[in-house]
Amino acid sequence: MTARPLPQLSGLAKEFYGFCKARELRFQRCSACSAWRHVPRERCGECGSADFRWERSSGRGHVFTWVVATRSMHPAFPSSPPVAPVVVEMDEGVRLVTEIVDCLPQELVIGMPVEVVYDDVTEDVTLPRFRRQA
Amino acid sequence: MTGRACIVGIGETRYARDKTWSPTTLALNLDAAARAIEDAGLHARDIDGLMPFPGLSNAEEIAANLGLEEVAFASTVHMGGASPVASLLHASLAVTSGAAKHVLLPAGWAGYSGARARQTVSTEAASMPGGGIARDYYIPYGLTAPPQWYALLARRHMAEFGTRAEQLGAIALAMRKHAQANPNAVMRGRPMTLEDYLASPMIADPYRLLDCCLETDGGAAVIVTSHERARDLARRPVHILGVAAGQPYPADEIVSRKDLFRIGLTSAAPRAFAAAGVRPSDADFAQIYDCFTFEVVQQLEEAGFCKRGEGGAFVENGRIELGGELPVNTHGGLLSEAHVVGMSHLVEAVKQLRGEAGERQVAGAELGVVTGFGDFGDGSIAILGSSS
């Protein structure tokens with residue numbers, strides 16, 4: 001089977017995933033208007049400022065929506081067992097695409113509280129995934 | 001620009017899923033173009049504007065094959081399935097400003113016999129909306145293909161508004177029913193029941209197989225010119241009364257929008273209806289870009305045919321079928337006619353307004369709406385009329 005594709009570690013993605021490797025989930029936060037944002041961007045869409053900090057997230061959020069990819073549409077993701085990309089809305093308000101590691105697709109519920117875990121998928125890349133909150 | 005540009009020619013190839021037929025994508029574009037030129041009563045050399053569909057053909061090869069030595073206006077709109085209707089906006093501006101006289105919009109692809117959509121779109125990040133964003137934040141988690149992106153929205157709509165699978169099924173059934181009255185529809189002769197729909201396998205849950213558009217071979221094209229020039233041509237012109245395009249925000253990322261259901265059409269539709277001076281309820285039919293069933297619900301809501309959250313109920317009880325209040329995709333659409341990247345929706349609207357839709361003709365059709373939908377929710381809409 002084809003290996004799962006990895007993010008390209010360059011630019012802002014390198015910074016985001018670099019924090020994950022260090023066991024920190026950090027999102028950009030505008031230095032001017034304090035708006036959180038994800039995916040990483042050069043400038044704040046709210047106020048236009050180019051100044052930002054990588055601020056530590058609580059790591060907590062809830063399941064916002066998901067899809068169960070029961071028909072493979074990519075050679076690295078087989079139909080069985082199907083991958084279930086989940087959108088998590090963080091307590092800070094930003095949303096990200098991820099997976100829930102301790103939950104079958106049929107157990108997913110909108111609003112389910114989840115927390116980040118770090119998955120070292122290669123020596124260089126650590127992906128943030130989530131599990132049910134204890 | 002009310003009433004100042006017209007569609008004066010339409011062309012379509014055969015639409016098929018046929019293992020003995022393997023046309024090239026370029027040949028399909030050229031065949032459709034040649035038919036549109038003939039339909040308009042023009043000569044190929046009268047075409048001085050080209051707006052090919054992004055990634056399927058380009059102005060240079062179209063011009064070389066049609067013998068177009070003087071192309072004054074060549075451009076491509078990069079809005080995926082919203083491109084053909086958005087191109088109508090650009091073409092209208094070109095012919096009304098004098099930048100071009102006759103603009104050809106060719107489209108089509110060998111989506112069945114060539115590289116299948118599911119293969120190319122899902123494995124090449126550069127071909128995806130969002131590009132690097134998809135590569136770095138979606139694809140590593142297995143979110144790789146259009147039915148998966150839009151299924152995220154469909155599930156949320158179902159949770160927030162109670163939209164049901166049977167309502168999505170009503171859309172698939174209406175398109176299939178209409179295909180039975182279309183000799184060029186791939187699914188003619190293959191009727192569908194709600195039981196068939198519900199029993200079809202899950203593809204990208206909550207999407208079943210029969211929520212998804214077809215993969216087919218086929219090409220379609222239209223020709224746009226000014227109202228003044230249209231009067232001298234062979235066919236009764238169809239008038240572009242209003243046309244607009246728009247993008248969601250952000251357009252390169254689909255999960256982080258404050259308003260998850262706001263799409264390009266949300267802002268484009270009011271502009272197009274205002275330009276035309278009509279309301280959604282005035283339309284005799286609507287050809288809605290139906291890549292997947294839920295996107296029909298979403299576009300009906302965001303274009304203003306019903307309120308947000310009411311799209312599921314709107315499509316029930318035959319309202320969107322021929323004979324209903326608002327026949328939708330009278331040709332069978334991407335779901336049951338063929339996937340011609342949105343251009344066949346324009347062609348069908350012109351046929352209806354010319355009164356040339358045969359057994360699927362909407363009686364007395366004078367005003368029609370056509371939408372396009374592409375990428376992460378780019379939108380376009382045209383209000384077309386049989387008179388200016």
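On this tour, contact means heavy atoms within 4.5 Å. One thing to keep in mind throughout: this is a predicted model.

**Stop one: a helix pair in chain B.** Select residues 165-179 of chain B, which form helix H7, and then residues 293-302 of chain B, which form helix H11. Look at how they cross: the two helices pack at an angle of about 100°, and their axes are 8 Å apart. That makes H7(B) roughly perpendicular to H11(B), since angles of 65 to 115 degrees get that label.

Now show side chains where the two helices touch. On the H7(B) side, pick Leu168(B), Ile171(B) and Ala172(B); they meet Thr293(B), Phe294(B), Val296(B) and Val297(B) in H11(B). By type, the residues of this contact split into 6 nonpolar, 1 polar and no charged.

**Stop two: a histidine.** Next, centre on His331(B), in the loop that runs between helix H12 (311-314) and helix H13 (333-336) of chain B. Is His331(B) buried or exposed? His331(B) counts as buried because its relative accessibility is 0%. Leaving aside neighbours within four places in sequence, its contacts include Ala179(B), Asn182(B), Gln287(B), Glu337(B), His345(B), Glu348(B) and Arg360(B).

**Stop three: a pocket.** Finally, select Glu46(A), Tyr249(B), Pro250(B), Ser256(B) and Lys258(B): of the 23 residues lining the second largest pocket, these lie nearest its centre. The volume of this second largest pocket is about 630 Å³. Colour the lining by residue type and you get 8 nonpolar, 4 polar and 11 charged.

Terms used
Residues numbered from 1 in each chain as written. Chains lettered and ligands numbered in written order. Predicted model: local features only at pLDDT ≥ 70, side-chain atom pairs only at ≥ 80, totals over all residues. Heavy atoms only, no water. 1 Å grid on protein atoms, 1.4 Å probe; cavity = no way out; pocket = protein on both sides within 12 Å on 5 of 7 lines; lining within 4 Å. Points joined across faces, edges and corners; volume = space filled by probe spheres on them. Nonpolar A, V, L, I, M, F, W, Y, C, P; charged D, E, K, R; others polar. Axes fitted to C-alpha atoms, helices over the stretch in contact; angles between N-to-C directions. Helix = DSSP H or I, 4+ residues; strand = E, 2+ residues; numbered from the N terminus. Parallel < 35°, antiparallel > 145°, perpendicular 65-115°, else oblique. Buried < 20%, exposed > 50% of the residue type's maximum accessible area, 1.4 Å probe, protein only.
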